[in-house]
Amino acid sequence: VTLQPVHLIGVDAAIIFSDILVLPQAMGMRLSVDEGIGPRFHQPLRASSDFERLRDVDPEEGLGYVLDALRLARRELEERVPLIGFAGAPWTLMSYMIEGSGSKSFSRAKRLLVESPSRAHSLLARLAQLVGRFLVAQVKAGAQVVQLFDSWSGALGPRDFREFALPYLRDAVRIARTAGAPVIVFCPGAGWALEEIAAKTEAEVIGVDWHTDAADARRRLPASRVALQGNLDPCWLYAQPHQIRETTQQMLGAFGGRGHIANLGHGILPDIPVAHARAFVDAVREWRA
């Protein structure tokens, strides 16, 4: 599955086929991924005893299958394109662990921030260490770039983002960077904080979601300072190929042609035709500044 996009649509990098929730699972939480429902923890964190049952994880032991997949993918790629590893950021992981699944309001996770901030900080700090070490292990296993997804950044207002998300994102990135590979940070829904995310994490690449204007993101974070990744709205891949080409090249022009990884502004939707994904890749390859 990791290799298919390289073979079928000609992307310039492969990203390991895994999930952000493998880390909480390794910490002892029972996880299932059900068709039509998505990922679900059967016993989410609610009582004090639930938090106390969580165990620390040695990536080579508890997540060795992910590292094996990286080693295998790296070998099969034969250096044709780089291999990307990834992990979920602490706030996003904690949100899932408390909610039990995806949520519209994240009221349970955010309630913890209000009612027991010390418990939240304790778990977030623990997750930052585990996430950072997991990314270091991925680099040692063959990942040439690693990415941190703080998928639920948009659930927090500025004050809470600065207290409960950004510091632990920073800590995880600092550990990950010790492995020597570039780090990409993506906080969809927090485009208002691009400058703060770049400054605090010192990541080499900052992801830009499709809610954020590409030219504005480039103005706020010049190419001389940091690379940007993004940010085509995935729904534009429902358009006809000629429209995909036009919209993609408008996006590329807005980013300015330097220090930019062309990508979608969020994950690809499952029913996008393969030919339309290929049209996006072709449009990027054809573009010239």
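Mentor: We can, keeping in mind that this is a predicted model. With a disulfide taken as a pair of cysteine sulfur atoms within 2.5 Å, the count here comes to zero disulfides.

Trainee: Turning to the strands, how many of the residues of strand 4 are buried?

Mentor: Strand 4, which covers residues 83-88, is mostly covered, since six of its six residues are buried. Taking the faces separately, Leu83, Gly85 and Ala87 are buried on one side, and Ile84, Phe86 and Gly88 are buried on the other.

Trainee: Which strands pair with strand 4?

Mentor: Strand 1, residues 14-15, runs parallel to strand 4 and is joined to it by two bridges, with Ala14 standing opposite Leu83. Strand 5, residues 145-149, also pairs with strand 4 in the parallel sense, here over five bridges, and Leu148 of strand 5 is the bridge partner of Ala87.

Trainee: How do I read the packing of helix 7 with helix 8?

Mentor: In general, two packed helices are described by the angle between their axes and the distance between the axes. In this model, the axes of helix 7 (residues 107-115) and helix 8 (residues 117-141) cross at roughly 115° and come within 5 Å. Helix 7 contributes Leu112, Leu113, Val114 and Glu115 to the contact, and helix 8 contributes Pro117, Arg119 and Ala120. By class, the residues of this contact divide into five nonpolar, two charged and no polar.

Trainee: What span does helix 8 reach, and what follows the helix?

Mentor: The 25 residues of helix 8 reach 36 Å from the first C-alpha to the last, which is close to the 36 Å expected at 1.5 Å a residue. The helix is followed by Gly142, whose phi is positive, near 130°.

Trainee: Finally, where does Thr247 lie, and which residues does Thr247 touch beyond those up to four places away in sequence?

Mentor: Thr247 lies in helix 12, residues 241-255, and is buried because its relative accessible area is 15%. Leaving out residues up to four places away in sequence, Thr247 touches Leu232 and Trp236.

Notes: Residues numbered from 1 in each chain as written. Predicted model: local features only at pLDDT ≥ 70, side-chain atom pairs only at ≥ 80, totals over all residues. Heavy atoms only, no water. Axes fitted to C-alpha atoms, helices over the stretch in contact; angles between N-to-C directions. Helix = DSSP H or I, 4+ residues; strand = E, 2+ residues; numbered from the N terminus. Contact = heavy atoms within 4.5 Å. Nonpolar A, V, L, I, M, F, W, Y, C, P; charged D, E, K, R; others polar. Expected span 1.5 Å × (residues − 1). Buried < 20%, exposed > 50% of the residue type's maximum accessible area, 1.4 Å probe, protein only. Pairing = 2+ DSSP bridges.
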